[in-house]
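Hi,

Here is the structure I promised to pass on.

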Amino acid sequence: MGRIGMGIVGAGFVGPHHVDAVRRLGYVDIVAVAGSSEESARQKAEQLGARKAYGDFKALVADPDVHVVHVATPNYLHYAVTSEALANGKHVISDKPLAATAAESKRLVEQLKDSGLVGAVTFNYRGNPLVQQARHAVASGLIGTPTFLHGYYLQDWLLYETDYSWRLEPEKGGASSALGDIGSHWCDLAQHVSGLRITHVLGDLTTVIPRRKKPRGSREAFQTAADADRGDTVDIRVEDLASVLVRFDNGARGSFSVGQVCAGHKNDLVLEVCGSKASIRWRQEHQNELWIGHREKANEILQKDPSLLDPAVRGYAHLPGGHQEAWADAFCNLMRDIYGFIASGQKADAAHPPAFATFEDGYRANCTVEAILESARRGGVWTAVAC
Ligand SMILES: NC(=O)c1ccc[n+]([C@@H]2O[C@H](COP(=O)([O-])OP(=O)(O)OC[C@H]3O[C@@H](n4cnc5c(N)ncnc54)[C@H](O)[C@@H]3O)[C@@H](O)[C@H]2O)c1
């Protein structure tokens, strides 16, 4: 297999995890990092072991040694970077969201079409071995027909008024905060595991902390405020808590809540699918266990153990039973699926491996979030997901 060169635009919290993940594949070279300035790019390139550093993403996407561009900037830049990368003939792996609005995402879907290039979005929970096991179990009829999908995605890193992020500024994060940031993961996971599509939503949104202290200096994502940097008070115009009722294309119903102001919940993503025969539940904070609920026999906990997984999904587990696999391993599985597809030279419209979320999936995520916002704006009415 020939070597593939990657370059990454944005190396804050998640960017380095893209680099770690692709490094583990063994056939990807970390060519370049683009940052918000020459200086920060140079620093990050040194830390990440990249050969080149650029203070402008346009130079990175024009570099002939870069074959795949990873996008890990704040959301508002995703469209410009991805569009420029595609125009320069590069494959793109965009962190979610694909773009800040559904209209922008749609344009990227169209730009990718017929380009012969590969485009992917990192809905990384798909890469967990037990998520693939759950998906396989639902597809093979273990739980019968899905009737009710429910769960939540709760975090606590925005609990205090001194907590702050660009995610709270619509100009940088988009029109939604909690829903766009983590609700989009729940929706992708629910659709991926069940094989269903969300058709209608009804949202109830609120801003628990309507005014926050915006730091005067820069702060990496998820960093807490230093005493010296409590900042100026600003109004918050996006939701930090939301509950959503959901309808799926087979008639199944669902509900989920998202919030980043829920103490004690660190990265607490839970999905349960109840079916006509059994139920199945996966929880990110206990990601090496899959709960299977029965009516006429004892409920089960399936531990992540390659020998107990279905042969079709065993390749997503890389350690024997009892050896915990985690977030970064799932991220690597995602990259293995995407880069495997790129390396195989298959046409972009060929069947994708399961953990590979496409630009269409990214577009659908934008449409779903926008439908929830629209539902809430109209006072909480059922709203169709139009895409
Ligand atoms: N898939 C996931 O689970 C996951 C997790 C975290 C973040 N994300 C996504 O990744 C993206 C980045 O999030 P983060 O948490 O890493 O944010 P972050 O603020 O920690 O990092 C963003 C980086 O982009 C840099 N940047 C800003 N403007 C730039 C420019 N013009 N050119 C190059 N770099 C620039 C910033 O300096 C910073 O280092 C977001 O879109 C977010 O939604 C996804």
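Some housekeeping first. This is a predicted model, in which local features need pLDDT of at least 70 and side-chain atom pairs count only at pLDDT 80 or more, while totals for chains, interfaces and linings use all residues. Residues are numbered from 1 along each chain as its sequence is written. Helices (H or I, at least four residues) and strands (E, at least two) are DSSP runs, numbered from the N terminus.

Now the sheet. Nine strands make an open, mixed sheet, ordered S16-S15-S14-S13-S7-S12-S11-S8-S18; strands count as paired if DSSP finds at least two bridges between them. At the edges sit S16 (300-303) and S18 (383-384), each pairing on one side only. S7 (residues 146-154) and S12 (residues 253-259) run parallel, joined by seven bridges, and Leu 149 stands opposite Gly 254 in S12.

H10 packs on this sheet, touching S8 (198-206), S11 (241-248) and S18, and its direction makes about 55 degrees with that of S8. (Contact means C-beta atoms, placed from the backbone, within 7 Å; axes are lines fitted to C-alpha atoms, for helices over the stretch in contact, with angles from 0 to 180 degrees between N-to-C directions.) H6 (residues 129-139) lies across S7, S13 (268-275), S14 (279-283), S15 (289-293) and S16, at about 165 degrees to S14.

How many residues of H6 are buried? Nine of the eleven, so the helix is largely enclosed by the rest of the structure. (Buried is 20 or more other C-beta atoms within 10 Å of a residue's own, exposed is 12 or fewer, and partly exposed is in between, again with C-beta atoms placed from the backbone.) Among the buried ones are Gln 132, Gln 133 and Arg 135. The cover over them includes H8 as well as S7, S13, S14, S15 and S16. Just after H6, Gly 141 has a positive phi of about 90 degrees.

H2 (residues 38-48) buries Ala 41, Lys 44 and Ala 45. Seen down the axis of H2, these buried residues fall within an arc of 105 degrees, so they line one face of the helix; the arc is that of the directions from the helix axis to the C-beta atoms. They pack against S2 (28-34) and S3 (52-54), while Glu 39, Glu 46 and Gln 47 are exposed on the other side.

Finally, the loop residues. Leaving out residues up to four places away in sequence, Lys 304 touches Pro 129, Leu 130, Asn 288, Ala 317 and Glu 325. Val 381, in the loop between H10 and S18, counts as exposed because it has 11 C-beta neighbours inside 10 Å. Val 381 and Val 201 are 180 residues apart in sequence and 8.1 Å apart in space, C-alpha to C-alpha.

Cheers

How values were computed. Contact = placed C-beta atoms within 7 Å.
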